[in-house]
Structures are given as structure tokens and as C-alpha cells.
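Please open the model in your viewer and keep the sequence panel beside it, as each stop below names what to select next and what is there.

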Amino acid sequence: MKNGLYEYKDEGIPGGGHVVIDVVETEKMYTFKLVENTCRYDPWRISSLFKKSKQARIKKYRSKHSVMTWDNGFVVYPYRDGIPYLFKYIEGGQKR
């Protein structure tokens with residue numbers, strides 16, 4: 001997976017909004033930084049990842065969250081319950 005900005009679009013209702021996160025992948029984990037959440041109906045499983053901080057760290061192995069990746073996107077399945085969220089790559093993130 002590329003480091004950078006990824007977007008989830010709430011297409012369940014017209015004008016539903018989107019969630020943008022900045023992703024940094026390391027050997028052992030993914031770090032998600034919440035950039036923007038404009039969803040009319042809050043995707044609460046995604047929001048729960050950021051309830052203590054604007055940053056969430058998910059371990060690649062033995063995590064309570066599942067992340068499946070490919071070149072231009074990923075699916076995160078918070079708490080391995082409910083619905084998975086599809087994020088698509090939109091551009092490079094902040095300079096590191």
C-alpha cells in the first residue's frame with residue numbers, strides 16, 4: 001500500500017459525504033490520521049478508531065481490526081464486525 005491520502009465515500013444516500021485519512025505504513029503497523037469527515041450519517045466504526053485521538057495505529061498482525069490492502073486502496077473492517085469500509089487512494093500525503 002502507498003503512503004498518502006485515502007478517501008471513503010458514503011454512497012448510501014445522495015450527498016452522504018466522505019472520510020479522508022492520511023496513511024503511513026511501516027513494517028509492523030498502519031498509522032491512520034483523520035483529515036476530514038463530512039459524512040451526514042457518521043460511520044461510527046471508523047469514528048470509533050479516532051475517539052481518543054486524531055490518529056489510530058493498527059497492528060498488521062494480531063489486531064482486533066482487519067486491513068486488506070492493494071496498490072490503490074484498502075478495506076478496513078473495524079473490530080471485525082459490521083460492514084467493511086473501502087478507502088481509495090487519492091494523492092500523496094504530508095511530506096515525511
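Begin with the largest pocket, which holds about 270 Å³ of space; a pocket here is an open set of points on a 1 Å grid over the protein atoms alone, where a 1.4 Å probe fits, with protein on both sides within 12 Å along at least five of seven lines, and lining residues have an atom within 4 Å of a point. Its volume is the space filled by probe spheres set on the points, which are joined across faces, edges and corners. Select Leu49, Ala56, Arg57, Lys64 and His65, which are the closest to the centre of this pocket among the 15 residues that line it. Helix H1 (44-49) and strand S4 (55-59) are the elements that give two or more residues to this lining, and S4 gives the most, with 5 residues; helices (H or I, at least four residues) and strands (E, at least two) are DSSP runs numbered from the N terminus.

Before moving on, note that this is a predicted model, in which local features need pLDDT of at least 70 and side-chain atom pairs count only at pLDDT 80 or more, while totals for chains, interfaces and linings use all residues. Residues are numbered from 1 along each chain as its sequence is written, and side-chain values use heavy atoms, with hydrogens and water left out.

Next, select Glu7, Tyr8, Lys9, Glu11, Leu86, Lys88 and Ile90, which line the second largest pocket, where about 170 Å³ of space lies. Strand S1 (4-9) and strand S7 (85-91) each supply at least two residues of that lining.

Centre on Ile21, whose contacts (heavy atoms within 4.5 Å), leaving aside neighbours within four places in sequence, include Phe32, Phe50, Phe74 and Phe87.

Stay with strand S1 and select Tyr6, which is buried, with a relative accessible area of 0%; buried means under 20%, exposed over 50% and partly exposed in between, with a 1.4 Å probe and protein chains only. The side chain of Tyr6 reaches the backbone oxygen of Lys2 at 2.6 Å, a polar contact being a pair of N or O atoms within 3.5 Å, of which, within protein, one must be able to donate a hydrogen and the other to accept it, and residues adjacent in sequence count only if both atoms are side-chain atoms. Not counting residues up to four places away in sequence, Tyr6 also touches Ile21, Phe74 and Phe87, among others.

Then go to the loop between S4 and strand S5 (66-70), where Ser63 lies. Ser63 is buried at 15% relative accessible area, and a polar atom of its side chain lies 3.0 Å from the backbone nitrogen of His65. Beyond four places in sequence, Ser63 is in contact with Ile58 and Arg80.

Finish at Arg80, in the loop between S6 and S7, which counts as partly exposed at 48% relative accessibility and has a positive phi of about 50° although it is not a glycine. Tyr79 is found in the loop between S6 and S7, has a positive phi of about 60°, and is partly exposed at 31%. Most residues other than glycine have a negative phi.
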